[in-house]
Amino acid sequence: MLVSTPYVKVNWAKGVDKRGQPIPDPAVQPTVSGSMTIVSATNWMSPSYSPATGSFYVNAVEGFGIYYLLDTDPKPSGYGGTVNVLGTNTRFLKAIDVNTGKVRWQHEYPNLNGAPATLGPGLLSTAGNLVFTGDDQGNLIAFGSDHGEILWHFRASAAQSNGPITYLLDGKQWVVLAAGDTLYAYTLAPAARGIP
């Protein structure tokens, strides 16, 4: 264990043990009558790490919900529960210092219709000091990886649905993101790369 620090408000753990593993709080485990806990700090979407900044980037949600246990069998079929969100959730892109676990910077996404209890796209950090991701308003976004400033964005036809990827083809670096049923591929124009 290198570091173990919450990056959103949590109530499901009492703290961490000497190995840095969370100590679950039985009082907030899902029950048939419901228990209040965090909605889902993050999920399957890929985070990213930049050796240049020493930051770990993650899309996260801060908020609470009531979790209900639907299947009380010791070996439940599937997830066995559901959640009702309480109040408003807030989505963030967070840059976390890998040595301390402290949040270096964060970007709060606009929640025009209220943030969902789960969140969408993954992240890509590059050697060129960029972090690519998207928001739930359909924007594809490039952030500066050291301070979190928005350097570029594009309004896509839908919310991003994958982790961005990058590759080199015929001497040009490309970034590809998917949104809805469309792939968006970007590269710098020759003049932008300093080529006359």
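Guide: Welcome! A pocket, on a 1 Å grid over the protein atoms alone, is an open set of points with protein on both sides within 12 Å along at least five of seven lines. Please remember that this model is predicted.

Visitor: How much space lies in the largest pocket?

Guide: Rolling a probe the size of a water molecule over the atoms shows where empty space is left. For the largest pocket, that space comes to about 420 Å³.

Visitor: Which element gives the most to the lining of the largest pocket?

Guide: The lining is made of 14 residues, and those nearest the pocket's centre are L130, F132, V175, T187 and L188. Two or more lining residues come from each of β9, β11 and β13 (172-179). With 3 residues, the element that gives the most is β13.

Visitor: In the open sheet of 4 strands, what is the order?

Guide: Strands of a sheet pair through backbone hydrogen bonds, either parallel or antiparallel. Here β9 (residues 130-134) and β10 are antiparallel, with 5 bridges between them. Another 5 bridges link β10 to β11, again antiparallel. The whole sheet pairs in the antiparallel sense, in the order β8-β9-β10-β11.

Visitor: Which strands are the edge strands?

Guide: Start from the order β8-β9-β10-β11 in this open sheet. An edge strand here pairs on one side only, and that picks out β8 (124-125) and β11.

Visitor: In β10, what is the bridge partner of G134?

Guide: Let's walk along the pairing of β9 with β10, which run antiparallel. T133 faces I141 in β10. For G134, the partner in β10 is L140.

Visitor: And which residue of β11 is the bridge partner of F143?

Guide: Now we look at the pairing between β10 and β11, which is antiparallel too. Across from F143, the partner in β11 is I150.

Visitor: How many of the residues of strand β10 are buried?

Guide: In a regular strand the side chains alternate between the two faces of the sheet. On one side of β10, N139, I141 and F143 are buried, and on the other so are L140, A142 and G144. With both faces covered, the count of buried residues in β10 (residues 139-144) is 6 of 6.

Visitor: Is F154 buried, partly exposed or exposed?

Guide: F154 is part of strand β11 (residues 150-155). Together with L151 and W152, F154 forms a nonpolar surface patch of about 260 Å² accessible area. The cut-offs are under 20% for buried and over 50% for exposed. F154 has a relative accessible area of 32%, so F154 is partly exposed.

Visitor: How many residues apart in sequence are the parts that E62 and K94 tie together?

Guide: The side chains of E62 and K94 form a salt bridge, 2.8 Å from N to O. E62 belongs to strand β5 (residues 55-69) and K94 to strand β6 (residues 81-97), so their pair ties together parts whose separation in sequence is 32 residues.

Visitor: How many salt bridges does the count come to?

Guide: Besides E62 with K94, R104 and D97 meet at 2.9 Å, N to O. In that pair R104 is partly exposed at 40%, whereas D97 is buried at 13%. D17 and R19 also form a salt bridge, at 3.9 Å, and the count comes to 3.

Visitor: How far apart in space are A189 and K172, C-alpha to C-alpha?

Guide: A189 lies in the segment after β14 (182-186), and is partly exposed at 46% relative accessibility. In sequence, A189 and K172 are 17 residues apart, while in space their C-alpha atoms are separated by 9.4 Å.

Terms used
Residues numbered from 1 in each chain as written. Predicted model: local features only at pLDDT ≥ 70, side-chain atom pairs only at ≥ 80, totals over all residues. Heavy atoms only, no water. Patch = residues over 30% accessible without salt bridge, like charges linked within 9 Å, V, L, I, M, F, W, Y side chains within 5 Å. Areas by Shrake-Rupley, 256 points an atom, 1.4 Å probe, with all protein chains shown as cover. Salt bridge = Lys/Arg side-chain N within 4 Å of Asp/Glu carboxyl O. Buried < 20%, exposed > 50% of the residue type's maximum accessible area, 1.4 Å probe, protein only. Pairing = 2+ DSSP bridges. 1 Å grid on protein atoms, 1.4 Å probe; cavity = no way out; pocket = protein on both sides within 12 Å on 5 of 7 lines; lining within 4 Å. Points joined across faces, edges and corners; volume = space filled by probe spheres on them.
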